Structure formats: structure tokens, C-alpha cells
Amino acid sequence: MATFTTSDGIELRYECRGNGSPVYVCQGGPNNVCDSLIADLADLADLAGLADSYMLIFHDYRGSGDSATAPATSYRFDRLADDLDELRRHLGHESVSVLAHSMGGFVALEYALRHPNNCSRVALVGTTPCGASRPMAIPVLRALGPLRAVKALMMAARFLVLWSWRPTSTARTKAMYASMGVTQEARRELRTKVAAAHPELGVDNDNSPHLMRAIGSIDLRDDLDSIRCPVLVLYGSRDAVMVAGGQMLASRLPDAEVRILTDVGHEPFVEAPAETFATLCPFLTS
């Protein structure tokens, strides 16, 4: 584990794995830490040969994991993107690729928008350009289909009645993700594997409530046409939120390659690692 200090004095933890061209990895969240993607990617990268060609660079966002807490006003996706660029400068890399999963897509997209000269390509795995509920609601319900839509609405109502009004706690966080999980669930035979993959989650990070609010209002759709680097849009067909988000990305990014993993949910690295790496490696090496 190594650390560096940002321009506003926040110490961030980072780790580098592998050798070669830099790929900066942005994990999901906000109740997450970079160790989750280290576990998903590091050993698999060795098996896929990715570690021989690329250096995978992970870090805990400000206010999460082993990084220091920061002023609440700095828990924003544009600031997280600037932290990523300051880490790039700290490590001396000129132009980098960014690999993002879930919420990390907001960080990656902001990075491509704010630091285009230093962003060579972006791989978005199960991400969306929009978290605001109004533009997402109908596309997500359509992607769910009738039965899963009813189940998702019932789980959301249960969380609203039993948990939404309670103070932040580990139990409340687990209940929140249980209600969200219906929209991104894996196939039945893989759900135990997915649940067991990261027993450390969810983590009650200092940034979590602030980033959750930021997710609820962010909408980068109108900015996507200014991203000129190649972008891979990869998502599972069972991941309803990201099906909706993936379609938004595909329709607005000027240089997008789209790959949909059949019958896969929100965790492609766990549910379909071979297919996921078979798509990532050619994109990163092209």
C-alpha cells in the first residue's frame, strides 16, 4: 500500500499491480473500496496475460477505505476525477486508460471530460451516464420486464417504509443494496457466488451519503458528445439500470464500442470473467 497527498491536502491510498502501460481502475460504490476490484482483477489479469502488458492502478476515493476523510463539499465526482489526475501526475504517467465499474463510471466520464489530453481510452463496465431518477425510471422498468419490475418496486417500497428514515448504519446499507439488487441480479445459480465474492461490502465510508445524493442528481448525457477517445461500453443483459445506461452511452458517445453479455447481471468480473476479459484485453491493446 502506498499513499500520496492531493493538492487540497487529502492523503489517498493507492496500489499498483502488473507492468506496462497504465490502466487506472475506478471501483463502484459508494459503499465500496478498491480492494473489491483488486480481488476481481489482479489474479484474473495474471491469467489473461493483462498483467504482463498493463499496470493496473487502484486507489480508494477520498473519504473511503484507507484514504483520509475530506470536507463533505469535496465528495463530488468532478473532484474524484481531479484526484485521479493528480495521482496520474504523482506517478509520472502522461496518457492513461481508465477502467471503471458501476459508480466508477461517473468518475471515469468526468475524467475524460475534464482531462481529455491525458485520457487515451475508457472502458465502462456496468455503468451509466445518468443517475437522476426521472430520466432513468421508464427505461429501467422497461429493461426489467413486468415480473422483475413488480419485485423491484416492492423491495424499494419495503426499504422506504422500514429503513429510509433510519440513521446510517451497516444494517441500513445492506437493506438499501438488497432493494437495489433486484434490478441487477445475477442468474439464480450464480447469486451465491456473487454474494460470497465480496463479504467486506458494503462499507460505511465517510463519503457514502454525499456520493449517494450526487448519484441521484448527476446527468452527463448532454456532455458525452465531447468525449473523443475510444470508449468500451460493456454490460450484462440482466443489469436493468445499466441496460438503460448503456443505451444512453451508445447513442451519444462519438466513438463507442458496445458489448452486451447475455444473461449476466451487475458483476461481470465475477459472473462471466472469461467473456469480460476477452472483450477488455483487445480494447485495451488496440
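Which residues in helix 4 are buried? Keep that in mind as you open this predicted model.

**Stop 1: helix 4**

Select residues 104-114, which make up helix 4. The buried residues here are Gly-104, Gly-105, Phe-106, Val-107, Ala-108, Leu-109, Glu-110, Tyr-111 and Ala-112. That is 9 of the 11 residues in helix 4, so the helix is mostly covered.

**Stop 2: the nonpolar cores**

Next, select Phe-77, Val-98, Val-122, Leu-124, Ile-227 and Val-231. They belong to the largest nonpolar core, which has 43 residues, and they touch the most other members. Helix 4 gives the most to this core, with 6 residues.

Go back to Val-98 and show its contacts. Leaving out residues up to four places away in sequence, Val-98 touches Tyr-24, Cys-26, Leu-84, Ala-108 and Tyr-111, among others. Cys-119, Arg-121, Val-122 and Ala-123 are also on the list for Val-98.

**Stop 3: Arg-13 and its two partners**

Side chains of opposite charge can pair when their charged atoms come close. This structure holds 23 salt bridges. Start with Arg-13.

Select Arg-13 and Asp-35. Their side chains meet in a salt bridge, at 3.0 Å from N to O. The pair links distant parts of the chain: Arg-13 is in strand 2 (residues 11-18) and Asp-35 is in helix 1, 22 residues apart. Is each end buried or partly exposed? Arg-13 counts as buried because its relative accessibility is 2%. Asp-35, at 33%, is partly exposed.

Asp-60 sits in the loop between strand 4 (54-59) and helix 3 (77-91), 47 residues from Arg-13. In this pair both Asp-60 and Arg-13 are buried.

**Stop 4: a salt-bridge network**

Select Arg-238 and Glu-185. Their side chains meet in a salt bridge of 3.5 Å, N to O. Arg-238 lies in the loop between strand 7 (231-236) and helix 9 (240-252), while Glu-185 lies in the loop between helix 6 (170-181) and helix 7 (191-197), so the pair ties together parts that are 53 residues apart in sequence. Arg-238 is buried at 17% relative accessibility, and Glu-185 is buried at 14%.

Arg-148, Lys-151, Glu-185, Arg-187, Glu-189, Arg-191, Arg-238 and Asp-263 are linked in a network of salt bridges.

Zoom in on Arg-148, which lies in helix 5. Its relative accessible area is 15%, so Arg-148 is buried. A polar atom of the Arg-148 side chain lies 2.9 Å from the backbone oxygen of Val-182. Beyond residues up to four places away in sequence, Arg-148 touches Val-182, Thr-183, Gln-184, Glu-185 and Arg-238.

**Stop 5: along helix 5**

Stay on helix 5 (residues 133-162) and pick Leu-141. With 33% relative accessibility, Leu-141 counts as partly exposed. Together with Leu-141 they make a nonpolar surface patch of about 270 Å².

Then pick Ser-133, also in helix 5. Ser-133 is exposed because its relative accessible area is 56%.

**Stop 6: Asn-31**

Finish at Asn-31, in the loop between strand 3 (21-26) and helix 1 (35-48). Why does Asn-31 count as buried? Its relative accessibility is 7%, and buried means under 20%.

Look at its side chain. One polar atom there lies 2.9 Å from the backbone oxygen of Val-203. The Asn-31 side chain also makes a polar contact with the side chain of Ser-208, at 3.1 Å. Setting aside neighbours within four places in sequence, the contacts of Asn-31 include Thr-173, Met-176, Tyr-177, Leu-201 and Gly-202. Asp-204, Asn-205 and Met-212 are among its contacts as well.

Technical notes: Residues numbered from 1 in each chain as written. Predicted model: local features only at pLDDT ≥ 70, side-chain atom pairs only at ≥ 80, totals over all residues. Heavy atoms only, no water. Helix = DSSP H or I, 4+ residues; strand = E, 2+ residues; numbered from the N terminus. Buried < 20%, exposed > 50% of the residue type's maximum accessible area, 1.4 Å probe, protein only. Polar contact = N/O pair within 3.5 Å; in protein donor to acceptor, adjacent residues only side chain to side chain. Contact = heavy atoms within 4.5 Å. Patch = residues over 30% accessible without salt bridge, like charges linked within 9 Å, V, L, I, M, F, W, Y side chains within 5 Å. Areas by Shrake-Rupley, 256 points an atom, 1.4 Å probe, with all protein chains shown as cover. Salt bridge = Lys/Arg side-chain N within 4 Å of Asp/Glu carboxyl O. Core = buried A, V, L, I, M, F, W, Y, C linked by side-chain atoms within 4.5 Å.
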